[in-house]
Structures are given as structure tokens and as C-alpha cells.
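Please look over the model below. The report then walks through its strands, helices and rings.

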Amino acid sequence: MNAPAPLPSELHKFLFDGLPVRGIIVRLTDAWQEILRRREQVGGYPEPVRRLLGEMAAASVLMQSNIKFNGALVLQILGDGPVKVAVAEAQPDLTLRATAKVIGEVAADARLEALVNVGGHGRCAITLDPRDRLPGQQAYQGIVPLHGDRREPLQRLSEVLEHYMLQSEQLDTKLVLAANDEVAAGLLIQRLPIEGAGNLAGRAAAAQGGGEPSGRASANEDEIGLNEGYNRIAHLTATLTADELLHLPIDQILHRLYWEEKLVRFEPLRGDEGPRFACTCSRERVARMLVGLGREEVDSILQEQGRVEIGCDFCGQHYHFDPVDVGSLFTPGRDLPPGSSSVQ
């Protein structure tokens with residue numbers, strides 16, 4: 001018998017009536033299982049890497065849905081452990097993809113430090129890449145180390161992202177993340193900014209418009225840790241276990257945590273409007289990458305292998321270019337945009 005189809009992924013937004021606090025909860029089911037299914041075709045990931053990547057996928061959707069930005073939000077963890085890099089990317093329409101590069105042995109009980117921060121050089125980067133860049137416009141990128149204020153290594157992705165929001169965005173944030181082989185889920189609670197654009201949403205607007213973040217971020221910074229309403233909600237949120245986040249119905253989670261609070265809930269996003277897997281790679285993008293490498297480099301690959309074969313790390317799609325294909329890429333006058341060094 002065929003296994004039942006996974007439930008559709010879903011995202012729920014809500015506000016706490018009368019409090020400067022917002023919340024988002026996401027549960028990736030079919031989208032996350034599709035990412036793992038495609039990876040299994042080329043060997044799969046060790047369990048700790050799957051767990052980290054699932055949490056990153058959920059976190060990327062949470063952060064993308066929290067801002068109004070016409071472009072990709074890319075969450076990267078880069079380090080000096082057996083996981084060289086892990087990437088999760090969410091688009092404005094909540095399509096997502098994720099991948100990781102594993103270069104060494106991963107212990108069965110490995111946590112974040114053992115995966116990517118063995119020598120203390122691990123970093124978390126969040127990039128906002130506008131879909132239609134203006135001339136001279138650059139993507140915004142914020143980077144934080146994988147340790148706390150006292151240089152202590154952080155062991156959970158949620159701690160890293162909370163630290164990022166506090167240090168880079170001046171906003172109190174509480175995150176609960178969890179993942180297994182069926183579900184990747186996350187709950188985000190955030191104090192609403194008082195004013196200004198010195199936070200991720202403001203930087204998204206600045207990246208979209210090509211300008212710099214404006215407004216008085218200091219007003220948000222002055223409120224850090226002081227709002228009693230937010231502190232109460234964050235304390236309640238911290239009681240949610242990974243097992244509850246992965247398995248309880250969304251309505252039950254919200255009732256269990258916030259039954260004494262008045263929630264203003266928005267229509268859930270599911271199906272074609274909700275989180276779902278999609279990859280932005282294409283033959284045209286690969287062609288631009290090859291042009292960027294240059295004719296001499298591509299010809300050397302042809303001489304060694306007889307053709308050029310490029311595989312997408314995100315979706316597993318393979319693109320083949322024979323000598324005739326390569327020759328057409330470098331035909332004078334061919335209308336191709338400037339090349340890139342990677343498949344996107």
C-alpha cells in the first residue's frame with residue numbers, strides 16, 4: 001500500500017490584543033519531506049544535519065513572512081566543523097529550499113558547536129537579496145558569530161537567531177524550533193518595534209529601495225528586555241517542548257500557551273499560498289554561471305570529461321552541456337546576462 005500523502009505545510013500569524021507583541025507559527029510537512037526526499041537520492045544527511053537544516057528551513061520561512069520584501073531571505077550557517085555550510089532560502093511567496101555541505105564525520109549526538117563551530121569561527125549570516133535590483137544596489141547582509149555575549153558557544157539555532165535579532169535588529173525575540181524527518185516547525189514571538197527602521201523589516205525596505213535604514217533604532221534598543229507584556233509572553237513560549245511543536249495541532253499549541261491572552265489571528269496560509277518547496281535553478285542560470293567561468297575554464301572541463309555536467313545542490317536537477325552547447329554559449333553577440341560563480 002502507498003503511504004498517505006503528507007499534510008500540507010501551514011503558517012499562522014497572530015497578534016496579542018493590547019500588547020506590542022506579534023507571533024508566527026509554521027509547520028513544514030510536505031515541503032520539508034520533499035527536500036529530504038530529493039537529498040536521499042544522492043545519499044542523504046546524517047540525523048543531526050537533517051535536524052539543523054529543518055530548523056533553518058522553518059526559521060527562514062518565519063523571518064521571510066515577518067517582513068514585506070520582494071526578494072529572497074537567505075539564512076546561512078558557515079563554520080569550521082564537519083558541516084562547512086548550511087543554507088535555507090525563503091522567497092516572498094513562501095517557496096523554500098535548503099541544502100548543506102558535509103565534509104567530515106558527524107557524531108550521532110552532535111549539537112550546533114560540534115557541527116559548525118569546532119574552532120570558534122562559525123558564523124550565521126542573513127541575506128536579503130532583492131528580486132529586481134536597481135543599478136548599483138547591493139543585497140543587505142547581517143552576520144553574527146555563533147557565541148553569546150560572554151563568548152560561550154551557542155548550542156541551538158534558536159539561540160543564535162535570538163542573539164542576532166537582539167544585537168543586529170534591537171528587537172526582543174523568542175524562538176522555538178524543532179525538526180525530525182516528517183516535520184520542521186517553528187514559533188516566533190517578537191516585540192513590535194516602537195518606531196524607525198533599524199530592524200530586519202526596515203532593512204528589507206531599505207534593500208528593496210536601495211537606500212539605508214532610517215529612523216531611530218535607539219528607541220527600540222531602549223525597550224530591550226523592559227516590556228512586561230512581551231516578557232510574560234516570551235516566558236510562556238519557552239515552556240513549549242519540541243515534541244509539542246512537532247505533533248500538537250496548531251490550535252492546541254496556541255491554546256495551551258496563551259489561553260489567558262486575547263489573540264487576533266489571521267487566515268492561515270496553506271497549499272498554493274502557504275510554505276512549499278520550489279527551486280529557482282534553471283538551465284539559463286547555469287549557462288550564465290558557465291559564461292562567468294570563462295571559455296578557457298569551460299573548455300578544459302570539456303577536454304577532461306567530454307561534456308559539462310552541473311548538479312543543483314538544492315533540488316538535485318542535473319544540467320548537461322555538450323561541446324555544441326558550450327560553443328553556442330560563447331558565440332559573439334549571444335544575449336546572456338553577466339555570469340555568476342554559483343548555481344542559484
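## A hairpin to start

In the hairpin of strand 1 and strand 2, 4 residues lie between the strands, and Gly18 there takes a positive phi near 85 degrees. Helices (H or I, at least four residues) and strands (E, at least two) are DSSP runs, numbered from the N terminus. This is a predicted model: local features need pLDDT of at least 70, side-chain atom pairs count only at pLDDT 80 or more, and totals for chains, interfaces and linings use all residues. Residues are numbered from 1 along each chain as its sequence is written, and side-chain values use heavy atoms, with hydrogens and water left out.

Strand 1 and strand 2 run antiparallel and are joined by 6 bridges. Two strands count as paired if DSSP finds at least two bridges between them. Glu10 has Arg27 in strand 2 as its bridge partner.

## Strand 2, covered on both sides

Strand 2 (residues 21-28) is mostly covered: 8 of its 8 residues are buried. Buried means under 20% relative accessible area, exposed over 50%, and partly exposed in between (1.4 Å probe, protein chains only). In a regular strand the side chains alternate between the two faces of the sheet.

Val21 has Arg191 in strand 9 as its bridge partner.

Strands of a sheet pair through backbone hydrogen bonds, either parallel or antiparallel. Here 6 strands form an open sheet with mixed pairing, in the order 7-6-3-4-5-12. The edge strands are strand 7 and strand 12 (276-277), and each pairs on one side only.

Start from strand 7 (residues 140-145). Its covered face has Tyr140, Gly142 and Val144. Its uncovered face has Gln141, Ile143 and Pro145. Strand 7 pairs with strand 6 (residues 123-130) in the antiparallel sense, over 6 bridges. Thr127 has Gln141 in strand 7 as its bridge partner. Next comes strand 3 (residues 71-78), which runs antiparallel to strand 6 and is joined to it by 8 bridges. Leu73 stands opposite Leu128 in strand 6.

## Two loops with positive phi

Leu94 is not a glycine, yet it has a positive phi of about 70 degrees. Leu94 is found in the loop between strand 4 (83-90) and strand 5 (95-102). Is Leu94 buried or exposed? Leu94 counts as buried, because its relative accessibility is 5%.

Arg151 is not a glycine either, and has a positive phi of about 70 degrees. Its place is in the loop between strand 7 and helix 4. Arg151 counts as exposed, at 59% relative accessibility.

## A pair of helices

The axes of helix 2 (residues 47-65) and helix 4 (residues 157-169) come within 10 Å and cross at roughly 30 degrees. Axes are lines fitted to C-alpha atoms, for helices over the stretch in contact, and angles run from 0 to 180 degrees between N-to-C directions.

Helix 2 and helix 4 are therefore roughly parallel to each other. Angles under 35 degrees count as roughly parallel, over 145 as roughly antiparallel, 65 to 115 as roughly perpendicular and the rest as oblique. The crossing of helix 2 and helix 4 is right-handed. That term applies if the near helix is turned clockwise from the far one by less than a right angle, while anticlockwise is left-handed.

## Rings and charges

Rings of Phe, Tyr and Trp (its six-membered ring) pair if their centres lie within 6.5 Å; planes under 30 degrees apart count as stacked, over 60 as edge-to-face and the rest as tilted. By this rule the count comes to 3 aromatic pairs. The rings of Phe14 and Phe16 have centres 5.7 Å apart and planes at 70 degrees, so this pair is edge-to-face. Phe16 and Tyr258 form another edge-to-face pair, with 5.0 Å centre to centre and 90 degrees between the planes. This pair links distant parts of the chain: Phe16 is in strand 1 (residues 10-16) and Tyr258 in helix 9 (residues 250-258), 242 residues apart.

Phe14, Phe16 and Tyr258 form one aromatic cluster. Phe14 counts as buried at 1% relative accessibility. Phe16 and Tyr258 are buried too.

Two arginines sit over rings. Arg97 lies over the face of Phe314, at 3.8 Å from the ring centre. Arg283 lies over the face of Phe321, at 4.0 Å from the ring centre. A charge sits over a ring if NZ of Lys or CZ of Arg is within 6 Å of the ring centre and within 35 degrees of the ring normal.
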